Amino acid sequence: MRISFQWLRDFLDLTEEPAAVGDRLTMIGLAIDGVETVGDDTILTLDITANRGDCLSHLGVARELGAIYDVDIRRPETYVDEDPTSAEESCTISIADAELCRRYCGRFISGVTIGPSPDWLVERLEAVGIRSINNVADITNYVLMELGHPLHAFDADTLEGSAIVVRRAVSGETLRTLDGQERKLDTSMLVIADAERPVALAGIMGGFNTEISEKTANVLLESAWFDPNSVRKTGRRVNLGTEASYRFERGADIGMAPIALNRTARMITEIAGGVVHRGLIDVRPEASEPVQVRLRRSRIARHLGSAVPDSDVERIFRRLEFALTDSSADGWTFRVPSHRHDIQREEDLLEEIARHHGYDRFPSTLPAWSGQGRYLEHHVQETAVRDALSAFGFSEICSLAFSDRETQERFAPGVRPVEVINPLSDDAPALRTTLLPSVLGSLQWNLNRGIRDLSIYEIGKIYPQTGELRQLAMAATGARHTKTVHESRKDADFFSMKGAVEGLLARFDIDPEVCADDLPSYLHPARSIRLGSVAIVGELHPDCEAWFKFRQRVCVAEIQIDQVLGAALKKIAAAPIPKYPAVRRDLSLSVDARIQYGSVAEAVGRAGIRELTDLFPFDRLKRDSSSESRYSLAVTLVFQSADRTLTDREVQVFEQRILAELRKFGVELRS
């Protein structure tokens, strides 16, 4: 929003420099984005939040400055000299949809002369970024920037039946707007129509056939209130935004409609001539009661940190044009002005006090606390999960809980998602029923930006029709270890993901059965497994990778986190460092091709040697040189005693006991 400093001085006397005024506005929440010199004027560019539509005008900003400096503001003259001819004899106005249009005001002006605007008017409009069109159109734009209320001027002689009807569009109707574009209308759109056709898109833009031109002699002025959601949706549908729609979308001041109309009519007669017909036509199907909000004195200190003098409280709200309707020992009741539709409750009044009393004047204190905190359920287990995944090289992400129907159907076929009534995006109208697409979406976003090596996970909620659940999803792609001078590159694959999941589950009292049954279709059939009912691990199916446009292998896992958190954590016991040295022995074994290493390790364990502290394989040849049906396996045995140094004789006895167990199922020592 561009604000002219000279224009502000029409409303109040400002003694401080523009930069200082800008700092004051920033401190009350109207942030200054820029300060620009235009001729003899200074333009302040304000960043106005969506809830403060009342500040999208010079009057609105001046009102805030009046509260800052504690001075009265001067309002523009709105008195209108009227001709005896009644306006209702020249036109009629009716509202067919009172839900989307709660007020529509009109003034009829005859005998105007259309021409260029005076220099001062052109300069003011150009200073705030609006080009000059003609005197009548310029005046409506001038009042828009001055008072913040949009207006529109129709060439009254082009209105069929001299009538205005505010209604929804009829399916198949079209409207050529002022920008020359032909707009297709539907029944969701509110239009201003004459007796036969639409002549304006309500709250957005007027029609081409009724615009003000050099031939115009009679003008019908419009000033109305339109539903913000209706204006926003219509603007989206026709891909059109204007200064008027920008304000209506944020909630216009319904009480300003007749004031802005009179101000505009007065300026037209002063600049373009003509006479204003008697009577302001004001159609208002149902007048709403003003909002009244109670403010308790005790809440000021409790919420803001310190008390504020009563005189300051009353001064702030008087300057902001709130009416004091009741005052008692415990507080005040204020009637909220129509331009502050964002004020609905006591906390909103407290915010106004904080803004204008000064955030910097409240001491920095912590609130009093007499209770005690406690960890959430499963806090320790959840911390262990995050620690384990971090140790495995995974980074945590947090994504939105929305998804589209096609993605949900691909990853959770047959599961009907919960539809969102008012979604943040048309592309994601449903709550997710599985977490994996969210993680893959994050993976896709990073890959599209050149980040090729990723290991990520998310612990989040999913929303099937049966109720809210939590899930853990993991995804990895690219290098687990990049190439260095010390080691070669190692890519993420099915086995590394399986190892990470099994390593995580090993922290808990969980021993799931490994199987390849009932695996989802989005996983590779030969590179995926199920770990009981707890987890699914695998590589994405090539079709799924192509659907996401992945150009490299992606491995994923889905874990039912509630099952994991419900299990007990395994205790980690610390042992003292042994005093006595360990003895290491390497064995080269010849093993039947049908026997896996796990069976070899179990056989070694059956030897029952307490001093055997470690066993691990370090080499494997696919074929034994003596047979096609056998392979060679090299293992290391580590022996160590806590109370003595082992002798060579003892270690030899241990080796013989181990070899005896291995020979029972055909494992021999290679010669």
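Strands here are DSSP runs of E with at least two residues, and helices are runs of H or I with at least four residues, both numbered from the N terminus. This is a predicted model, in which local features need pLDDT of at least 70 and side-chain atom pairs count only at pLDDT 80 or more, while totals for chains, interfaces and linings use all residues. Residues are numbered from 1 along each chain as its sequence is written, and side-chain values use heavy atoms, with hydrogens and water left out.

β28 and β29 make a hairpin with three residues between them, and Gly-532 in the turn has a positive phi of about 55°. On to the next neighbour: β29 also pairs with β30 (residues 554-559), again antiparallel and over five bridges. There, Ala-535 has Ile-559 of β30 as its bridge partner. How many residues of β29 are buried? Six of the six residues in this strand (535-540) are, so β29 is largely enclosed by the rest of the structure. Buried means under 20% relative accessible area, exposed means over 50%, and partly exposed lies in between, using a 1.4 Å probe and protein chains only.

## The seven-stranded sheet

These strands belong to an open sheet of seven with mixed pairing, in the order β20-β23-β24-β30-β29-β28-β27. Its edges are β20 (395-396) and β27 (514-515), each pairing on one side only. β20 runs parallel to β23 (residues 454-462), with two bridges between them, and Ser-395 stands opposite Ile-456 of β23.

Helix α14 (residues 436-447) packs on this sheet and touches β23, β24 (469-477), β29 and β30, with its direction at about 30° to that of β24. Contact means heavy atoms within 4.5 Å. Axes are lines fitted to C-alpha atoms, for helices over the stretch in contact, and angles run from 0 to 180 degrees between N-to-C directions.

A second open sheet has three strands in the order β17-β19-β18, with antiparallel pairing. β17 (292-296) and β18 (323-328) are the edge strands with a single partner each, so one side of each has no neighbour in the sheet. From one strand to the next, the twist averages 20°. β17 and β19 (residues 331-335) are joined by five bridges, and Gln-292 has Arg-335 in β19 as its bridge partner.

Two helices meet this sheet. α10 packs on it, touching β17, β18 and β19, and its direction makes about 5° with that of β19. α11 lies across β17 and β19 at about 65° to β17.

How do the two helices sit relative to each other? α10 (residues 310-319) and α11 (residues 346-357) pack at an angle of about 100°, with axes 10 Å apart. That makes them roughly perpendicular; the angle classes are under 35 degrees for roughly parallel, over 145 for roughly antiparallel, 65 to 115 for roughly perpendicular, and oblique for the rest. Asp-312, Val-313, Ile-316 and Phe-317 of α10 meet Leu-349, Glu-352, Ile-353, His-356 and His-357 of α11. By class, this contact has five nonpolar, two polar and two charged residues. Ala, Val, Leu, Ile, Met, Phe, Trp, Tyr, Cys and Pro count as nonpolar, Asp, Glu, Lys and Arg as charged, and the others, Gly among them, as polar.

## Helices α4 and α5

The axes of α4 (residues 119-127) and α5 (residues 135-147) come within 10 Å and cross at roughly 50°. The two helices are therefore oblique to each other. On the α4 side the contact is made by Trp-120, Leu-121, Arg-124 and Leu-125, and on the α5 side by Asp-138, Ile-139, Asn-141 and Tyr-142. Those residues divide into five nonpolar, one polar and two charged.

## Ser-188 in its loop

Ser-188 lies in the loop between β10 (182-184) and β11 (190-193). Its relative accessibility is 31%, so Ser-188 counts as partly exposed. Leaving aside neighbours within four places in sequence, Ser-188 is in contact with Arg-168, Thr-234 and Arg-237. Ser-230 is 42 residues from Ser-188 in sequence, with 7.9 Å between their C-alpha atoms.

Note on methods
Pairing = 2+ DSSP bridges.
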